[in-house]
Amino acid sequence: MGRFRRNVFEDYDEEFSKDENFNIAYRKVKRIKGFYSHLRIYIIVNAIIIITNLNRDIFGKDIIYNGLTDWHTYSTAFYWGIALLIHAFSVFGPDVFFTKDWEQKKIQKFMEKEAQNTNKWE
């Protein structure tokens, strides 16, 4: 556990340990932070891969433009990008399609349907 997290945990342990809203928010922030760390590493590593494929001779002065059209230059970024999209959907996705409003509308719809079915035989 990091020093900052440990200090926050120790300072607010008694106050927020029983507050479920704080725990949910803390886990959500932690997941968002993990996604942005993943995105940052993705950008840095793939930039290094693309640059090194363009200039394969590190001490050379010529840039090889054939590297721009080679599949292996972008294959890591492509497959890792798919994994990054899955990670993004796992962090942000459920709220995009299934929001609280959607849940309330569906509950209301099922309740109305059930009320119609019970009134049907009366």
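## A term to start with

A polar contact is a pair of N or O atoms within 3.5 Å. Within protein, one atom must be able to donate a hydrogen and the other to accept it. Keep this in mind for Asn 46, whose side chain reaches the backbone oxygen of Tyr 42 at 2.9 Å.

## The overall fold

This is a predicted model. The protein has 4 helices and 0 strands. From the N terminus on, its elements run α-α-α-α.

The chain holds 122 residues, and buried residues make up 12% of them. The accessible surface comes to about 10,600 Å². Carbon and sulfur atoms account for 63% of that surface. Now take the contacts between residues at least 6 apart in sequence: 56% of them join residues at least 24 apart.

## Helix H2

Helix H2 covers residues 20-54, which is 35 residues.

The buried residues of H2 are Phe 35, His 38, Tyr 42, Asn 46, Asn 53 and Leu 54. An α-helix has 3.6 residues a turn, so residues three or four places apart point the same way.

Asn 46 sits in helix H2. Is Asn 46 buried or exposed? Its relative accessible area is 6%, so Asn 46 is buried, given that the cut-off for buried is under 20%.

Which residues does Asn 46 touch, leaving aside its neighbours within four places in sequence? They are Thr 76, Ala 77 and Trp 80.

Thr 73 is found in helix H3. Its relative accessibility is 1%, so Thr 73 counts as buried. Thr 73 and Leu 54 are 19 residues apart in sequence. In space, their C-alpha atoms are 8.5 Å apart. Leu 54 is itself one of the buried residues of H2.

Phe 78 also has its place in helix H3, which covers residues 71-97. Phe 78 counts as partly exposed because its relative accessibility is 41%. That value lies between the cut-offs of 20% and 50%.

## A nonpolar patch

Phe 78 belongs to a nonpolar patch on the surface.

Definitions and conventions:
Residues numbered from 1 in each chain as written. Predicted model: local features only at pLDDT ≥ 70, side-chain atom pairs only at ≥ 80, totals over all residues. Heavy atoms only, no water. Helix = DSSP H or I, 4+ residues; strand = E, 2+ residues; numbered from the N terminus. Buried < 20%, exposed > 50% of the residue type's maximum accessible area, 1.4 Å probe, protein only. Contact = heavy atoms within 4.5 Å. Areas by Shrake-Rupley, 256 points an atom, 1.4 Å probe, with all protein chains shown as cover. Expected span 1.5 Å × (residues − 1). Patch = residues over 30% accessible without salt bridge, like charges linked within 9 Å, V, L, I, M, F, W, Y side chains within 5 Å. Salt bridge = Lys/Arg side-chain N within 4 Å of Asp/Glu carboxyl O.
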